[in-house]
Amino acid sequence: MALLTAVIALSVGLTGCSPRRTATVAPEPVWFGTEPDIRVLVATTDGPIRLATTDKTPLTTRDADNGSRTGQAPSGASFAATRAGSAFGVSTPGLTAARVEVESQAGLIYDSKRLGPRAEIAVESADGEPTLRLIAIVPLEQYVAGVAAAELYASWEREAYEAQCVAARTYALHERARARASGRSYDVLSSTLDQVFEGLTRNETAQIAARATRGSVLLDEDKQILRAYYSSTCGGRPSSAAGIWPSTGSFAFNAALPLQGLPRACPCEASSRYRWERERSVADVTARLKAWGREKAVPIRRMADLVSIEPVEFNDARRPNAYRVTDSDRKTYLISAEELRTALNTPARGRPSITGKTRVPSGDLSAVVEGSTVTLVGRGFGHGVGLCQFGAQSFAKQGEEAADMLELFYPGAERAIVYD
């Protein structure tokens with residue numbers, strides 16, 4: 001553990017050269033009596049939703065608002081939106097209701113994804129047209145294993161998986177609490193907007209890692225569950241949540257100290273996006289910045305031709321938090337690093353579609369404008385806050401433990417077990 005322990009001591013002021021797994025698990029009380037579930041928004045669609053069971057047995061259906069109204073539907077049944085006057089509902093063989101709960105102890109399957117035993121289908125109306133939502137209700141540990149399997153390569157080391165499982169569980173419980181406090185009908189999305197979840201997994205490493213870290217989460221300095229962000233590749237220097245996202249009011253969680261990007265080394269060079277370069281035209285960059293500005297209704301939507309993009313604010317790790325965009329009218333616009341990354345990848349009329357090869361991978365970049373060409377040179381892939389997945393894999397290959405990695409990626413965070 002010498003390498004990682006030394007890096008941790010340098011980064012967060014700790015001393016000692018022995019593994020700190022025991023020390024990082026605080027004697028916190030169990031917060032949940034039993035393992036909680038999590039509601040995952042799997043699909044939003046205009047068309048019908050088809051659900052099957054793993055053993056071809058019938059589906060049990062129930063009116064979510066009146067549990068005494070039940071029915072059965074065959075495996076492979078379709079759930080469609082229906083209208084009764086001005087109200088919409090969900091209709092399937094044997095039952096029509098505003099919200100339908102679906103259950104099969106054998107397990108549900110949607111679009112080849114294994115969802116577990118329970119789901120809910122609801123209908124909402126936008127502009128008078130119905131949209132169906134499929135929400136899987138998944139035991140949290142099965143969800144965590146599924147996230148780890150979707151987020152990491154199958155060949156990666158178990159310790160990287162364990163670190164990922166703790167981060168994924170922590171993030172999930174943080175967002176779950178926010179969703180339930182606001183009355184939202186689901187807890188997390190199944191995409192990178194929250195965490196990728198492609199259904200229950202058969203990845204044995206992910207399953208073992210979830211079991212090994214069962215109930216384990218990270219706490220911030222106020223003993224609250226941390227919003228444990230993570231990304232693919234930090235490029236060697238972490239980002240600061242408070243520097244690139246709102247951190248006051250309802251977003252005060254982004255001010256948590258373990259998310260603020262202290263200086264540290266990270267061996268994520270194996271990533272193909274550890275360093276990258278993209279070339280765009282001035283017209284292309286200008287069009288995308290303006291298109292993003294129109295989406296967000298901010299002044300940059302009226303900018304003239306791009307002249308320069310310069311970093312103007314840095315975190316303690318010397319990673320840019322914000323940039324100043326200057327146009328040919330000498331007007332300037334302040335934009336955060338994450339906003340810049342998003343803006344540079346925003347679709348714009350008359351501009352080519354963004355592909356994997358042309359996408360700007362992170363907001364840690366420098367921009368050189370020469371004539372009609374903008375050369376973007378950057379590091380990393382993703383927002384760079386918290387755990388670096390390629391870094392975790394490299395540390396794991398060196399023999400480092402998940403507990404030590406988590407200390408490095410979330411400096412000052414404590415570990416707690418929140419259910420048995």
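Just after helix H3, Gly183 adopts a positive phi of about 80°. The model is predicted, so local features need pLDDT of at least 70 and side-chain atom pairs count only at pLDDT 80 or more, while totals for chains, interfaces and linings use all residues. Residues are numbered from 1 along each chain as its sequence is written, and side-chain values use heavy atoms, with hydrogens and water left out.

**Helix H3 itself**

- H3 covers residues 158–182, 25 residues in total; helices (H or I, at least four residues) and strands (E, at least two) are DSSP runs, numbered from the N terminus.
- From first C-alpha to last, H3 reaches 36 Å, close to the 36 Å expected at 1.5 Å a residue (that is, 1.5 Å times one less than the number of residues).
- H3 is mostly covered, with 18 of its 25 residues buried (under 20% relative accessible area; exposed is over 50% and partly exposed lies in between, with a 1.4 Å probe and protein chains only).

**H3 against H9**

- H3 packs on helix H9 (residues 402–409) at an angle of about 50°, their axes 8 Å apart; axes are lines fitted to C-alpha atoms, for helices over the stretch in contact, and angles run from 0 to 180 degrees between N-to-C directions.
- That angle makes H3 oblique to H9 (under 35 degrees is roughly parallel, over 145 roughly antiparallel, 65 to 115 roughly perpendicular, and the rest oblique).
- On the H3 side, Glu159, Ala160, Glu162, Ala163 and Val166 meet Ala402, Met405 and Leu406 of H9, where contact means heavy atoms within 4.5 Å.
- The residues of this H3–H9 contact divide into 6 nonpolar, no polar and 2 charged.

**H3 against H4**

- The axes of H3 and helix H4 (residues 204–212) come within 8 Å and cross at roughly 60°.
- H3 and H4 are therefore oblique to each other.
- H3 contributes Arg158, Tyr161, Glu162, Cys165 and Arg169, and H4 contributes Thr205, Ala206, Ile208, Ala209, Ala210 and Ala212.

**Positive phi in two loops**

- Lys56 is not a glycine, yet has a positive phi of about 70°; Lys56 sits in the loop between strands E2 (49–53) and E3 (59–63) and counts as exposed at 66% relative accessibility.
- Asp111, also not a glycine, has a positive phi of about 50°; Asp111 lies in the loop between strands E8 (99–110) and E9 (113–126) and is exposed, with a relative accessible area of 54%.

How values were computed:
Nonpolar A, V, L, I, M, F, W, Y, C, P; charged D, E, K, R; others polar.
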